[in-house]
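Trainee: I have just opened this one and would like to go through it with you. Can we start with how the contacts are counted?

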Amino acid sequence: MSLLEIEDLHVHFHTEEGVVHALNGVSLSVERDEVLGVIGESGCGKSVTMLSVMGLLRSPPAEVVSGSIRYDGRDLLSLSEAELNEVRGNEISMIYQDPMTSLNPSLTIGRQVAEPLLAHTDLSRTEARERARETLEACGLPDASRLLSEYPHELSGGMRQRVMIAMALVTEPDLLIADEPTTALDVTIQAQILDLFRELREEFETSIVFITHDLPVVSELADRIAVMYTGTVAETCGIDAFFDDPRHPYTRLLWRSVPKLDTRAERLSVIDGTVPDLREPIEGCPFASRCPEHHGEPCDRVQPALRSVTGEQTHEVACHLYTDVSERGPPWPVGGGFQGRLASEPAEGD
Amino acid sequence: MAEADRGTADWTGEEDALVEIRDLKKYYPVKGGILNRKVGDVKAVDGVDLRIREGETLGLVGESGCGKSTLGRSLLRLIEPTGGTVTFDGEDVTAASKSRMRELRREMQIVFQDAASSLNPRMRVGDIVAEPMEWLTDLDEAERRERTRTLIEEVGLSEEHLGRAPHTFSGGQQQRISIARALSVDPRFIVCDEPTSALDVSVQAKILNLLDDLQDEYDLTYLVINHDMSVVRHVCDRVAVMYLGKIVEVAPTERLFADPKHPYTKALLSAVPRASREAVDDRIVLGGSPPSPENPPSGCRFHTRCPAVIQPEDYEFDQAAWRAVMDLRQRLDEDELGLEAIRERVAAESGSTDGPDDVPDSAVRSAIRTELGLPERLGDPAAERTLREGLALAVEGEGERASELLGSAFATVCEEVEPPIETLADGRQCACHLYD
């Protein structure tokens, strides 16, 4: 059984400008001791998915229309607020993108890092404080004892993010959800934080969901990748296949539009068109209007289901190039070597 | 410049530059105390020399707070520089009168990172794009309207967008509008301050391609400020690397990426995620964060974090051990050894009922060594003796004396002399004592 299993999740937002179809059937699973990288551009629903897991969507405007979220066998969507409070912050915790706005500026670091322990365990204040100090130290913060009595504004951005990570890990959760944890940081600090994630993973044996829009960052950490587009999962596969054998046209185009550090392209590939308006229900494949492989009726009419393309459950793609709905197959060679071709081929799609 | 020359062309800066920056400084006063008097300066830009040649794209990279945006803005006099000069096409911009400055603004424009907040939400797109022409050019209204229409299509939008308000556009489209606005007065030089940092990768690609097309069409010269090394590699002919208010290295893009010379450039490049599965074992991970520009380190500003910091002549260290010795010295200098915390921890870990004050000094000394990554024993016996003496003083609470002792024994040129930026044999410029 997977640690976390999201199935066919649909979430709508009821706004003044109409119903926004934020999630249109998201299916994802996270195994024990696994790092799942969730990739997608702004508005693809990656954060909304994780906020639904945490039960942190405000309703209204949000409404979970259908689907299920099972964590360790329990259906999170049917839990009461009190039951949910036992799970989040304790068994599942979350790290947010901006450490400045998610730390309370008027409370000491010690108080904030110890808080989840006081809420979820029987530890005394002194014991909780000691545990907080140990966790801060494990997160590579020197002089943790002194840090306990300092305030967030006294720390640098990288240190604050370490504090956030310590806060999330202090209860030794089974699942850690990190929402763009390095996006606000400089590269040299980002490198420190990615190193820290690697070490912590060894030490705490925590499963991690790492949400980002940055392909190179996630590829350093993740075992498996899920690519999201307009509230659906377009492709999910192991990290090797993500590099060498991406199957969904969107994943392939996304790779091409990333400027590479090692090679210099004359021109960057772009993805034509824009993301569809989520105020309209999605009909057919959500990527159809921008897809260079668009082939008529099936793409416009039937939303492709996520299905296994290699015979193994580990590589699933939602695209009619791989379904029975249309007869057409993929025009590219499948089975590896994508990165090599990427470096030598001229840009496409511009 | 010709596409083929991109990023490889040599240029020592001896030829005529379109923009020439000499010893540019921008200090911000720090006020404090009950009288709110000036107590110091934040030296955001501290003596920068840089030349930008006509038609090229010069990249300016560095971490947040290094002064790159301040440099971009003070060279346009959007903020007044504290010192130094900027010449544009031979004319001293820093000495220009107010009315002359207005004329010069037609030649030099800027595109900001956050397009949304740089577009007036109460104006229609057409008026936003036309506004600089109204203030800075003699074009009449019909001519302005005509040019606005041309430009909006040039940046990939259409005429029907002109009547809409900026908030109805996506981030990428807003950046297109601000590019059209910058182009409206037909400038020769544009500072692009993180033009794509707020955008998704597929949108970023479009904006970068657009900037590239416009450069060809309008013979533009760019200064591209960016923290993303992959973007810089893709768009720039030459790259300048900035650290704490100073330029540390300038080189043609390909040369910089293939063979970075300055230890900071090396670390910066090494920190970039590679998008490949190759091992990241040889990554240089810098410790700590950049120091405050209010009180920058002496000598070379990077010496407090530099993995290649130069060793004193009289001793022989393993480089990692030497870095650790420097870190110890720094902690002592700043009185940040955290002796009490270390004592407490040693006491807690010993498992006995001893309080922190009962912990033997020897245990504290070895805990300090472990924490700083100092080996149990340095290879050089003379160095080891001095280090022991210093540690003993530190543990006895004589941190200041320890600091003095280690400081005089283990002095390095990096902390004493500021390295000037010099031209190396291959034509690049670098400010580092390793290449003296």
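Mentor: Two residues are in contact when their C-beta atoms, placed from the backbone, lie within 7 Å. Please keep in mind throughout that this is a predicted model.

Trainee: OK, what share of the contacts in chain B with a separation of 6 or more comes from residues 24 or more positions apart?

Mentor: For chain B that share is 67%. Buried residues make up 46% of the 436 residues in this chain, and its C-alpha atoms fill a box of roughly 85 × 55 × 50 Å along the principal axes.

Trainee: And what is the mean pLDDT of chain B?

Mentor: The mean pLDDT of chain B is 88, with 95% of its residues at 70 or more, while the model as a whole scores ipTM 0.77 and pTM 0.85.

Trainee: How many helices and strands does chain B have?

Mentor: Chain B has 16 helices and 12 strands. Eight strands form an open sheet with mixed pairing, in the order S6-S7-S8-S3-S9-S10-S12-S11. Strand S6 (108-111) and strand S11 (422-423) of chain B each have a single partner strand, so they stand at the edges with one side left without a neighbour in the sheet.

Trainee: In which sense do S10 and S12 of chain B pair?

Mentor: Strand S10 (residues 246-252) and strand S12 (residues 429-430) of chain B pair in the antiparallel sense, over two bridges, and B:Glu249 has B:Cys430 in S12(B) as its bridge partner.

Trainee: Switching topic, which residues have the most contacts inside the largest nonpolar core?

Mentor: Those are A:Val163, A:Val209 and B:Val241, in a core of 214 residues. Beyond its neighbours within four places in sequence, B:Val241 is in contact with several residues, including B:Val61, B:Ile247, B:Tyr264 and B:Leu268, and also with B:Glu249, the residue bridged to B:Cys430.

Trainee: What domains does chain B get?

Mentor: The assignment gives domain 1 (3-271) and domain 2 (319-411), and the C-alpha centres of these two domains of chain B lie 47 Å apart.

Trainee: Last one: how many residues does each chain bring to the contact between A and B?

Mentor: Chain A brings 39 residues and chain B brings 34 residues. On the side of chain A that touches chain B, the elements giving two or more residues are helices H6 (144-147), H8 (187-204), H9 (215-219) and H11 (249-257) of chain A, and H8(A) gives the most, with seven residues. By class, that side of chain A has 16 nonpolar, 12 polar and 11 charged residues.

Definitions and conventions:
Residues numbered from 1 in each chain as written. Chains lettered and ligands numbered in written order. Predicted model: local features only at pLDDT ≥ 70, side-chain atom pairs only at ≥ 80, totals over all residues. Helix = DSSP H or I, 4+ residues; strand = E, 2+ residues; numbered from the N terminus. Nonpolar A, V, L, I, M, F, W, Y, C, P; charged D, E, K, R; others polar. Core = buried A, V, L, I, M, F, W, Y, C linked by C-beta atoms within 7 Å. Buried ≥ 20, exposed ≤ 12 C-beta atoms within 10 Å, placed from the backbone. Domains from an automatic or database assignment. pLDDT = per-residue confidence, 0-100. Pairing = 2+ DSSP bridges.
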